[in-house]
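Welcome! Please take a moment with the sequence and the model below before reading on.

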Amino acid sequence: MAASEKKPVLQVDDISKSFDGVEVVRNVSLEVHSGDTISILGPSGSGKSTLLRCINWLEQPDRGEVYLAGNRVGRKEDGQLMSDRELANVRTQMGMVFQSFNLWPHFTVLQNVIEAPVHVLGMTKDDAVARAEQLLEKVGLEVKRDAYPYSLSGGQKQRVAIARALAMSPTVMLFDEPTSSLDPELVGEVLSVMRDLAAEGMTMVVVTHEMSFARDVCQEVVFMNDGQVVEQSTPEKFFSNPRTDRAQRFLTRHK
Amino acid sequence: MTAGDYQMLLDGAWTTIWISLLAIGGGVPLGLVLSLIRVSRFPVLSQIVVLYVSLGRATPLLTLALFLFVTLPVFGVNIDKYTAGVLALTLNTASFNTEVWRSAYQSFPQSQIEAARATGMTRALYFRRIMLPQMWYASLPSLVNEMTLLVKASPAIAVIGVVDLTRVTNRIAAQTYEPLPPILVAGAMYMLFISVLVRLQRHLEKRAERYAT
Amino acid sequence: MTDLEIVLNEWPRLASGFANTLLLFGISALGAFVLGALMLGAFRSRSKIVRVALGYFVDGMRMLPFLIFAYLLYYGLPTFGVRLDAWTVGLLGLTIYHCAYVAEILRGAWDQLPVGQTESAQAHGYHGFRLMRRIVLPQLVLNSAPVLGNQLIYMLKDTSFLMIITVKELTYAASSIQSMYFVPLEPFLIAIALYWAISLLIEGFVAVVHRSAKERGLGRV
């Protein structure tokens, strides 16, 4: 994979984050180029979710910077913290899919997908509905458009969540352990949607335990342990020939 | 305000306290009895209880107090204002308490009842020894909450002439032409009683959590 | 003339009292909900002063009898040069007093709302007022429909206290008919029936909202 000469679409510079005095993310830097899919692997407590949440500033990093398409996230050019409104603005360019789906239960499936485009981006309802119907078809759930999340299975909920995030036409999609809450037989339907998305050229950062996805779909694997990036390479190199001890131990446990 | 005024306020506070205590003392057991009639589904009586609860929770205490004080004498029941006040408060709080007890009864774990019956206990026996003590503990937070509401609504009896903590402020103002000071003091006194009840309620809620089945 | 005929003759007085009760209840209930919802964000304000002040206000209203608060406004406002008629003071009192209760109910529901709801909204670019109005508040109201319904009934009943500060609401109307014509039973029976009817309507409304909540898997058991 030739290194792109273009600037990366997402750049994470030396991010650190502590909770209650414990450093959970330590000096992590990442570059994600347009169209790439990066997976972040690691044992529980390695800081991978926190790192992801620092990217869209759901967690405020103690140190370090995040850049989306060259623009700073969370802090303005003068170093001041962004206001809630400015931060909200930036987030419209980043989609996030959560481990616990977090669909809005008082809205139907269709309403969930059109909600942010209409009320945050100012799209007309007709445009938003048209786009939503397209996306629901893409994730295979157009028949459920008038159902409430309450009546859906976990896999269905997550696919709706993906459609909901895509409806904002984001530059990059962040996935926080998207299949960890799913019963095993429902994991496949979600991974399939994610594979298609990657193949279509969406820029994705995926925190996951699903080794098959990391191996088959990603351009780069980032392995974290204890808050730091321990190893970073292509899937071929990482899975067949891990350089570090910790990566090896992790892989044998997760065969 | 003079020392005499403060004394009047204390007297008024005492009146509020003893009337409230009587109403609570009557209203809690009355609620239990009514809730049992309700769940027993006796043909006519339980419907009457349903009606009573619905009306009791919808009728303002002030309206009820006036109604009782003015109407009962027509039926030959000559009632003084203090009795009318206690009666109104009791009937009002009992209607809410009925629902509290009923909820405790209906959410009582069937498994414990089955265990009791399997050991040969009669209904009366396991109700008294097994259900009631636990229903009591489970209901306490809601019952105390209802007591708080009772004290907050008790100024209603001032309208029929009972010299409670609220009416006393009128009397003082009538002499001093300054209504605000006694009201402020009375307000502080009410807040004191009620904060004690609220603290009790929080303590009971924590305890109920610990022993929840 | 029978007692009932006397009372029926006085129906304008009863109607006027009932209208006052309904107006006071309706407007204050609306106001209390709007104010309570607006205050909600302040519970999690970054400013400690705001949080503490709000705490004192809510605790204060919840430990004070409504009539005492109404008295405080009625007798206290003139000392600040604010001269309002009794009806307006009553309306103000009902609204301010009950908005504290509504805020506390909504706050309790908010504490129980999964944090993922707010986070997924933030991730989609929501913040501030829009986040509360579109995503958080609807869920809070659906989840606490029965408790809010109870509070509405208390708001209805508290209107009767205003007769003591000379507002001519329903109980006052019943009482004045009774004392003018010495008809003890009928006016109060009619008044109680009217209060009952309104609270049944409120409960019906709450049942509809609660059913809407259950459809969506919301509503605390």
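Here is a short briefing on the chains, their contacts and their helices.

This is a predicted model, in which local features need pLDDT of at least 70, side-chain atom pairs count only at pLDDT 80 or more, and totals for chains, interfaces and linings use all residues. Residues are numbered from 1 along each chain as its sequence is written, while chains are lettered from A and ligands numbered from 1 in the order in which they are written.

**Chains B and C**

- Chain B has eight helices and zero strands, whereas chain C has 10 helices and zero strands; helices (H or I, at least four residues) and strands (E, at least two) are DSSP runs, numbered from the N terminus.
- Along its principal axes, the C-alpha trace of chain B spans about 70 × 45 × 25 Å, and the C-alpha atoms of chain C fill a box of roughly 70 × 45 × 25 Å.
- In chain B, 41% of the 213 residues are buried, and in chain C 44% of the 221 residues are. A residue is buried if 20 or more other C-beta atoms lie within 10 Å of its own, exposed if 12 or fewer, and partly exposed in between, with C-beta atoms placed from the backbone.
- Among contacts with a separation of 6 or more, residues 24 or more positions apart account for 80% in chain B and for 76% in chain C. Two residues are in contact if their C-beta atoms, placed from the backbone, lie within 7 Å.

**How the chains meet**

- Of the two pairs of chains in contact, chains B and C share the most contacts.
- The contact between chains B and C takes 27 residues from chain B and 27 residues from chain C. On the chain B side, the elements giving two or more residues are α2 (45-58), α3 (61-71) and α8 (180-210), and α8(B) gives the most, with nine residues.
- By class, that side of chain B has 19 nonpolar, six polar and two charged residues. Here Ala, Val, Leu, Ile, Met, Phe, Trp, Tyr, Cys and Pro count as nonpolar, Asp, Glu, Lys and Arg as charged, and the others, Gly among them, as polar.
- Where chain C touches chain A, the contact takes 21 residues from chain C and 22 residues from chain A. On the chain C side, α6 (115-123) and α7 (128-143) are the elements that give two or more residues, and α7(C) gives the most, with seven residues.
- That side of chain C, facing chain A, has six nonpolar, 10 polar and five charged residues.
- No contact joins chain A and chain B, and their closest C-alpha atoms lie 26 Å apart.

**Helix pairs in chain C**

- Helices α8 (residues 145-158) and α10 (residues 186-215) of chain C have axes that come within 9 Å and cross at roughly 165°. Axes are lines fitted to C-alpha atoms, for helices over the stretch in contact, and angles run from 0 to 180 degrees between N-to-C directions.
- α8(C) and α10(C) are therefore roughly antiparallel to each other; angles under 35 degrees count as roughly parallel, over 145 as roughly antiparallel, 65 to 115 as roughly perpendicular and the rest as oblique.
- The residues of the contact of α8(C) with α10(C) include C:Leu152 and C:Ile153 of α8(C) and C:Ile202 and C:Val206 of α10(C). By class, this contact divides into 11 nonpolar, three polar and one charged.
- The axes of α4 (residues 66-76) and α5 (residues 86-112) of chain C come within 9 Å and cross at roughly 130°, so α4(C) and α5(C) are oblique to each other.
- In this pair, C:Phe66, C:Phe69, C:Ala70, C:Leu73 and C:Tyr74 in α4(C) meet residues of α5(C), among them C:Val89 and C:Tyr97. The contact of α4(C) with α5(C) has nine nonpolar, two polar and no charged residues.

**Buried residues**

- The largest nonpolar core has 196 residues, of which A:Ile40, A:Val205, B:Ala65, B:Ala88 and B:Ile157 touch the most other members. Such a core is a set of buried Ala, Val, Leu, Ile, Met, Phe, Trp, Tyr and Cys residues joined through C-beta atoms within 7 Å.
- The largest share of this core, 12 residues, comes from α5(C).
- B:Phe193 lies in helix α8 of chain B and counts as buried because B:Phe193 has 20 C-beta neighbours inside 10 Å.
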